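Biologist: I would like to learn how to read a structure like this one. Please take me through it feature by feature.

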Amino acid sequence: MRAAWELFIERGYDQVTVGDICAKAEIAPRTFHRYFASKEDVVAEPVREMTRLVMEHVPAAPAGLTDAEVMRTAMVRLAGFVIEHRDLLTALRLVIQRSQHLRLTQLAVGNDQGQEIAALLAARHPAPDPDDWRPRLTVGCATAAFRVWYDDYFRIHLDDPLGHLTAIFEAAAPRT
């Protein structure tokens, strides 16, 4: 993975082949493909990890929390990951910005993952209604708030990144 990221940053994603990655890492293509189906999978790995963190958090959250609180705590956990892996995610943003192919694929939590997270959220309730739109809306609002924070985190200096995330959530859904 390290060899791939170095090449993506140095040459740009679109100019790097799996063969280039294998040569730099001094591995055979078979070894590369044991871990990744394509070079796009290398780039998507941090996004998959971030999605996994949320999907693990939702069913494990304490039973007394509301759906909104579960999603807020999931987003705080996710923000912690972003802060801890700032260098990797800065590189990811740079590589995506420089690659027409990656910009078109829109590496992000997509509708399928959002639906899965909403299903996990709904499953926390006794006799969940499969037609209830509220879990999907809760997930959509939480991920939208997180995306605003994520953009701010990489665009401007934040003295208190987690405090900023809290402020965004408060603005998006103020408690009455």
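Modeller: Start with a definition: a salt bridge is a side-chain nitrogen of Lys or Arg within 4 Å of a carboxyl oxygen of Asp or Glu. By this rule the protein has 10 salt bridges. Keep in mind that this is a predicted model, where local features need pLDDT of at least 70, side-chain atom pairs count only at pLDDT 80 or more, and totals for chains, interfaces and linings use all residues. Residues are numbered from 1 along each chain as its sequence is written, and side-chain values use heavy atoms, with hydrogens and water left out.

Biologist: What is the secondary structure of the protein?

Modeller: Helices (H or I, at least four residues) and strands (E, at least two) are DSSP runs, numbered from the N terminus. Here there are 10 helices and zero strands. Read from the N terminus, the order is α-α-α-α-α-α-α-α-α-α. The C-alpha atoms fill a box of roughly 55 × 40 × 25 Å along the principal axes.

Biologist: How many of the residues are buried, as a percentage?

Modeller: The cut-offs come from relative accessible area: buried is under 20%, exposed is over 50%, and partly exposed is in between (1.4 Å probe, protein chains only). Of the 176 residues in the protein, 36% are buried.

Biologist: Back to the salt bridges. Which residue does Arg-52 pair with?

Modeller: Arg-52 pairs with Glu-49, at 2.3 Å from N to O. The two sit three residues apart in helix 4 (residues 39-60), so about one helical turn separates them. Arg-52 is partly exposed at 34%. Glu-49 is partly exposed too, at 22%.

Biologist: And what does Arg-72 do?

Modeller: The side chain of Arg-72 forms a salt bridge with that of Glu-170, at 3.0 Å from N to O. Arg-72 lies in helix 5 (residues 67-84) and Glu-170 in helix 10, so this pair ties together parts 98 residues apart in sequence. Arg-72 is buried, with a relative accessible area of 13%. Glu-170 is partly exposed at 30%.

Biologist: Which residues are linked in a network of salt bridges?

Modeller: Asp-41, Glu-45 and Arg-48 are linked in such a network. Within it, Arg-48 bridges to Asp-41, with the closest N and O atoms 3.8 Å apart. Arg-48 is partly exposed at 38%. Asp-41 is partly exposed at 21%.

Biologist: Now helix packing. How is a pair of helices described?

Modeller: Two packed helices are described by the angle between their axes and the distance between the axes. Axes are lines fitted to C-alpha atoms, for helices over the stretch in contact, and angles run from 0 to 180 degrees between N-to-C directions. Take helix 1 (residues 2-11) and helix 2 (residues 18-25): they pack at about 120 degrees, with their axes 9 Å apart.

Biologist: What word goes with that angle?

Modeller: Under 35 degrees is roughly parallel, over 145 roughly antiparallel, 65 to 115 roughly perpendicular, and the rest oblique. Helix 1 and helix 2 are therefore oblique to each other. Handedness comes next. A crossing is left-handed if the near helix is turned anticlockwise from the far one by less than a right angle, and right-handed if clockwise. Helix 1 crosses helix 2 in the right-handed way.

Biologist: Which residues make a nonpolar surface patch?

Modeller: Patches are made of residues with over 30% relative accessible area and no salt bridge: like charges are joined within 9 Å, nonpolar side chains (Val, Leu, Ile, Met, Phe, Trp, Tyr) within 5 Å. Accessible areas come from the Shrake-Rupley method with a 1.4 Å probe; for residues, only the protein chains shown count as cover. Here Val-76, Ile-83 and Leu-162 make a nonpolar patch of about 200 Å². Leu-162 lies in helix 10 (residues 161-172). It is partly exposed at 35%.
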